[in-house]
Amino acid sequence: MRKLERSLSLTSVIAISIGGMLGSGIFVLPGLAAAKTGSSLWLAYLLAALCILPAALSKSELATAMPSSGGTYVYIERAFGPFFGTIAGIGLWLSLLLKSSFALVGFGAYLSILVNIENGLTKYIALVFLLIILFLNIFGVKKVGKVQIVIVSISVITLGLILVFGLPKVSPALLEPFMLKGNMGLVSTVAFVYISYAGVTKVAAIAGEIKNPSKNLPRAMIFSLIIMATIYVFVAFVLVGNIPMEALERDIRPIYTIANLLGGTYVGYIAAGVGIITLISMANSGVLAASRFPFAMAIDSLLPKFMGKIHSKYLTPVVTIVMTCIIMALVILFLDVEKIAKLASAFMVMMFILVNACVIVLRETAAQWYNPPFRSPLYPFVQLFGIISGIVLLVFLGRGPFIAVLSIFVIGYGIYYFFGKNATRTGILRKYGHRPALYLFYKRKDNKQITYRQNQSGNNQNLDGKLASDAGVAVALLGNEKSPEMLVEIGAAINKKKKIQAVNITEVPNQTFLDAFVEENPRILSLERRIARLGQSKEIEIDFEAVVTHEISDTIHELSDQTHCDWLVMGWNGRAHSGILVSNPIGWLLTHINSDFALFKDDGVRYISRVLLALRPGRKDKNFIAVADRICQFYNASLTLLHVVPESMDNTAIRQMEETSQKLLEKARTKSKVEIVVNDDSITAISKASASYDLLILGTPQKDNWISVLFGTGKDMYTEKSACSVLRLTMRDN
């Protein structure tokens, strides 16, 4: 099968993104929004753009990490698991169909200008055109998409002309009062018009077709958001500055009204025609996009299988298209236009809260496969702002939309319970989440079953059962090590037994079948050759295996169990592993594996002749000294035991500590000494001392401060400030 070519330029992507936003947000919504806040309407549109910016940046990052995986629904499912994937799918489906219903209601209002239709019949006219859209989508009419670019261009030109002729005629008298209902009314309006910008992230779903997506995708989202925010803000300003508030607050066809006011009857008719084609185009693309979510959920076994059927001739998801249009028809008939807009905004706010949370979960867990070329700036503050502002907007949308969002969680749970609870996929959060997150989102289950890959092509498990059961040390190679040979060598230095088990582990997303990686790739073959050469040169017995997995933490845990090893050794970047809701795999492993744990931060040192062991005096000192002594014997290096004590400690206590440490070193077989440094700043003291050594060995770190725990992004400062390579040891209580 030929690979899809990346053919979309930056200009094309910006046009598509603008097309996703242009429609009911400016052709229908401004009048209803003005009734809530007055002439500060333009400020509400500006603030809404700022609130949606974090979601645009987060979705750009997610899309460049998973360019062809299917958009928001898959991002949320991958981060939070099938349960939240179910909720996301339903929420996105409802949000898009509500937005499309809103566009059709506005379409009926604009059509009544050109065609003599009684006000009571506009809803039924909207239903007739909904039926046409239904058949267009079932028959898979493809040329509609090309027409959309022309429609977007016409709409932008029309709005531009309104600005050119409307701005000079703005009446200062109509701009008072600035806020009809104070700050609360303004915030409520921000939440109400939020849906106007929802289409900015739609382009992320086609990231796989974009040229240079790591640059062009975020640029397109930001540029299109700026362009549309500018259009919305200035058009809103022109509307409130030219149309009296008593007339504007009841108007669901404000673009016709302003065009008629500025240019007369025929100019008004032209604006009405532009509104008609823009809104019908938006409704059509909304049905196309909305119907994909229940279809994808059915394919993923989160909805009944019949919903995943496609038409034998037209190859379209006919069941979900019909379902989407039926729900839209009910919405048009039984909900008023303001309720439709509020519900659409509420569901989209909920989705964007989860999108921002996805980035935090995937960054903090440091999932091996998650390596986006574009990374959102000012992380995690941008995401936290997006989450907090989203929650505030949900509250200000009112009781009805808030209850509707909560009901989606209940409905999602019911659907998940009946259809998706047997899904084998798990989210990153469930695997690496700390107890607060797990109790908040999941019932925690103890799953002690371990499955193995038995060399059968149809079996998608982890290890093949051929690991050395008598290895003293297991070394997990994740592909991001500065020198895999050095990490294995450190494992050999720690080892008390003869054999070492080295395993190269590649983690791939759940959407990728493991069988796609059964063939050995050149990088693995090269690594195997180099590890074998290391074993020969150092006279070390090393067994090497390469595995592919969906859950890296499970595989490493399994590696520790199968080998019955004394030590598990991994590379490390010095990053703190704590967080209230999520941890990275290292944090998860520390509480789950049954062996001692060594983390090695490689600073590029290749010849180890001087080793510094920095310890807080405690009951495990002799164990750490024994390990450090083995390492020194392996490298024929000298050992220095360092204690950093506060300046408040008296000389008697210092001498007593020195004598105790000297006794502990008497059993060491290598040249060793004790060094005590008096300094209240232990980080600086150890950093300065490490400059004279090749390897710094540290014990288990103290608990992080509350800022590090809250954000989970702190660094291990002892490791960060060290001037040499660092080995961080965590030993079990015996």
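I began at alanine 476, which stands opposite valine 503 in strand 2. From strand 1 the chain passes through helix 21 (residues 484-494) to reach strand 2, a right-handed β-α-β crossover. Right-handed here means the path from the first strand over the helix to the second runs clockwise, with the strands pointing away from the viewer.

I noted the ground rules. This is a predicted model, in which local features need pLDDT of at least 70, side-chain atom pairs count only at pLDDT 80 or more, and totals for chains, interfaces and linings use all residues. Residues are numbered from 1 along each chain as its sequence is written, and side-chain values use heavy atoms, without hydrogens and water.

Next I looked up the pairing of strand 1. It runs parallel to strand 2 (residues 499-507) over 5 bridges. It also pairs with strand 4 (residues 567-571) in the parallel sense, over 4 bridges. There, valine 473 has tryptophan 567 as its bridge partner. Pairing takes at least two DSSP bridges between the strands.

Then I checked cover. In strand 1 (residues 473-477), 5 of 5 residues are buried (under 20% relative accessible area; exposed is over 50%, partly exposed in between; 1.4 Å probe, protein chains only). Val473, Val475 and Leu477 take one side, Ala474 and Ala476 the other. In a regular strand, side chains alternate between the two faces of the sheet.

Last, I turned to leucine 121. It sits in the loop between helix 6 (82-114) and helix 7 (122-138). I logged leucine 121 as partly exposed because its relative accessibility is 42%.

Definitions and conventions
Helix = DSSP H or I, 4+ residues; strand = E, 2+ residues; numbered from the N terminus.
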